[in-house]
Amino acid sequence: MLNSVAHPELTVLECYGIRNVTKNCNLLFNGCAILVTTAPSYRRLYERVPEAFNRKRIQTVVIDNIEKIWSNFAPEIRLLCKTCEKEGLQMIITAGYWIPVLAIFLQRYHNMIICIGAFIEAAVYAKALFSFRLSASDDQKEIELIRQLRQHNYRNERTIVFGKDGNDLFPIVTTLKQNSINHIVCNERSVLQQHAGFMNWDEQLPGDMVVFVCSDEMLGDLKITKAQHIIHYSLPSTWSTFTRRYACSFEYYESPYLPCDSKQAKGKPSSLVLLNENNNQELPRLVDFLELHLPKVSKKLLEYAKKIRSIHESAKIADGRAVSMLCTHVLGFAVCRSIPNCVFRHALTPNDMAIETVPINGKIRLKICHVFSPAHYAVHLEAHQPVSANNWIVLNDNRRYMMQDIAVQAYYANEDRHQMHGEPRRNELCAVYHEQSYSRCRIINYDEMSMDNCEVQLQLIDTGRIVHVKSSALLFLPEQFCKLPGQALNVRIASLVPHDYEQDWDKTATLTVRQWIEDHANRSNCFIESNVLLVIKDTVWIDDLYLTEQLQGVKAMVTTKRIGATVISKQFGIGDKKSFEQIRQIVCDCEKSLRYEIQEKEKQKKENIQKKLDEPDNMEELGTLNEAKNGLFSERRSEI
């Protein structure tokens with residue numbers, strides 16, 4: 001973007017990783033208008049050639065996404081600020097959410113302008129007190145509501161109570177009346193024009209204040225901005241509505257980091273969220289928010305949010321509203337740093353657990369179909385050697401897949417059989433013409449905004465590759481070609497990650513690894529083997545990729561190269577056991593959840609059987625049977 005035709009005079013230098021530090025140092029001496037680099041790369045450049053950074057020439061420093069950088073590279077950011085500091089320096093910092101370190105920059109630099117993009121972030125900035133209560137019933141919520149109002153003395157501290165809709169307002173108003181608490185109600189029957197958006201409520205004096213009760217339906221018309229306390233009786237249906245509620249306190253908030261203009265100190269603002277089992281639409285996102293800004297979140301609430309997230313994602317996948325594929329960053333690094341903008345799935349469900357056809361331990365022999373990165377491959381499993389065994393067991397009947405591929409090519413060779421797939425739907429199977437042949441594929445995602453001939457993201461289920469085509473290129477796949485499961489499987493080298501906590505691999509590293517594997521595959525008597533560490537349905541984590549060769553004349557296998565170890569030795573990446581342990585924990589938690597569900601189903605089944613036995617009809621049958629037995633016993637006794 002910077003090296004554009006519109007700005008040919010700008011010399012832009014990019015620097016990341018550790019392989020090109022010397023080259024970039026030499027380029028720096030030639031001068032550049034803009035240096036785009038990462039925090040650790042800046043340290044490497046500065047320590048190598050400090051004279052290349054002339055403080056007089058540095059006019060602007062931009063630190064993007066500081067919330068992602070600070071936790072791992074705080075010393076590098078401090079070095080940058082120290083080496084660039086001068087009078088007149090323009091410092092620009094962006095963050096996805098408020099973090100305390102931003103306050104340091106506010107106090108260090110003069111005339112800082114704060115731009116906050118969400119009302120809820122303004123509450124965090126003002127150090128509002130966030131709290132929540134998880135209740136088992138609506139009665140408990142009503143008790144917590146009255147407790148909060150009395151604790152903060154609603155007559156002297158402006159308090160607003162939000163409900164989702166008119167149905168929520170009824171129990172709120174009833175509870176307030178029962179406790180003789182003065183209040184104003186704003187719902188869809190209110191005439192806002194007559195009340196001027198209830199602006200007069202902001203001007204009520206201490207001692208004369210009343211509780212303001214409002215539904216989300218009227219939120220956009222309110223002109224209230226000075227509420228000190230916000231009580232969320234229930235969560236709204238969308239996160240944007242929840243954040244919009246905090247607009248009612250926007251003018252009450254003051255900066256705790258800058259000198260205060262008001263003569264009298266204000267009381268601390270607060271926000272209380274009352275939760276129950278019905279608030280499950282936006283609860284997972286609320287929990288994510290609380291984890292960012294609270295020192296500790298209830299374990300019970302975390303588990304409940306995780307369960308809800310899993311149920312929601314399973315439901316969305318089932319009806320085609322969500323992408324079924326798991327996020328590659330979660331599978332590779334245990335975390336995705338772009339969750340709000342990422343369309344892929346981030347929570348494991350019971351359906352993701354390992355299936356019987358995938359080995360869960362021992363050695364595997366495989367064929368590489370595609371290299372996504374130095375740590376991620378699409379493969380065909382060829383053989384499995386169980387633990388403590390010497391022989392290989394053949395996996396995947398390659399002959400069946402070969403025969404089906406021949407049948408698919410013969411079927412679509414006749415263009416009269418070409419039938420358009422129709423409107424795309426996530427997770428559906430179809431066929432596409434790709435690289436001179438017809439391939440079975442699964443629809444991953446598509447552009448819902450484009451109504452006509454939209455772009456579709458596909459996974460070729462027999463090779464694992466990801467391709468993008470127009471929806472008009474999709475062909476209907478007959479039922480007889482859908483029965484055989486996809487042949488490709490994802491394999492990941494555990495604990496292998498890029499430098500500097502990056503989540504994207506350098507293209508040069510990927511191309512280099514691809515060349516190593518192609519050179520090895522083209523030789524005779526060569527194999528690729530691995531040791532299985534962890535498995536889910538379509539992904540296997542391994543310790544490394546071993547390029548092996550069988551020596552001629554002797555029955556011996558030698559390892560010619562270890563891909564993971566070589567990637568580290570050539571400084572393309574590093575080993576990080578912590579990330580893989582986090583992935584293992586995620587899988588273990590899901591397995592525990594699955595076992596718990598199975599146990600609960602078995603328990604419910606036994607209870608149903610017992611209940612059926614205890615039903616009156618069964619009791620009558622049992623009584624008749626006992627009478628028959630008693631009668632038979634009496635006859636035998638008479639005979640005796």
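**Helices, rings and a few residues**

The crossing of helices α1 and α2 is right-handed, a word used when the near helix is turned clockwise from the far one by less than a right angle, with anticlockwise giving left-handed. Before I go on: this is a predicted model, in which local features need pLDDT of at least 70 and side-chain atom pairs count only at pLDDT 80 or more, while totals for chains, interfaces and linings use all residues. Residues are numbered from 1 along each chain as its sequence is written, and side-chain values use heavy atoms, with hydrogens and water left out.

Back to the helices. Helix α1 covers residues 21–29 and helix α2 residues 39–48; their axes come within 10 Å and cross at roughly 65°. Helices here are DSSP runs of H or I with at least four residues, strands are runs of E with at least two, and both are numbered from the N terminus. The axes are lines fitted to C-alpha atoms, for helices over the stretch in contact, and angles run from 0 to 180 degrees between N-to-C directions.

Which residues of α1 and α2 make the contact? From α1 they are V21, T22, N24, C25 and L28, and from α2 they are R44, L45 and R48. Contact means heavy atoms within 4.5 Å. By class, that is four nonpolar, two polar and two charged residues. Nonpolar covers Ala, Val, Leu, Ile, Met, Phe, Trp, Tyr, Cys and Pro; charged covers Asp, Glu, Lys and Arg; the others, Gly among them, are polar.

Now the rings. The structure holds 18 aromatic pairs. Rings of Phe, Tyr and Trp (its six-membered ring) pair if their centres lie within 6.5 Å; planes under 30 degrees apart are stacked, over 60 edge-to-face, and the rest tilted. One of the pairs is Y42 with F53, edge-to-face, at 5.2 Å centre to centre with 70° between the planes. Y42 lies in helix α2 and F53 in the loop between α2 and β3 (60–63), so this pair ties together parts that are eleven residues apart in sequence. Y42 and F53 are both buried, which here is under 20% relative accessible area, with exposed over 50% and partly exposed in between (1.4 Å probe, protein chains only).

F105 and Y109 form a stacked pair, 6.2 Å centre to centre and 10° between the planes. Both of these residues are buried. There is also an aromatic cluster, made of F130, W239, F242, Y246 and F289.

Next, backbone angles. Most residues other than glycine have a negative phi. S388 has a positive phi, near 65°. S388 lies in the loop between β12 (376–385) and β13 (393–394). Is S388 buried or exposed? S388 is exposed, at 77% relative accessible area. Y501 also has a positive phi, about 60°, and lies in the loop between β19 (496–497) and α14 (507–521). At 46% relative accessibility, Y501 is partly exposed.

Last, L134 in strand β5 (residues 129–134). Leaving aside neighbours within four places in sequence, L134 is in contact with L275, N276, K300 and L301.
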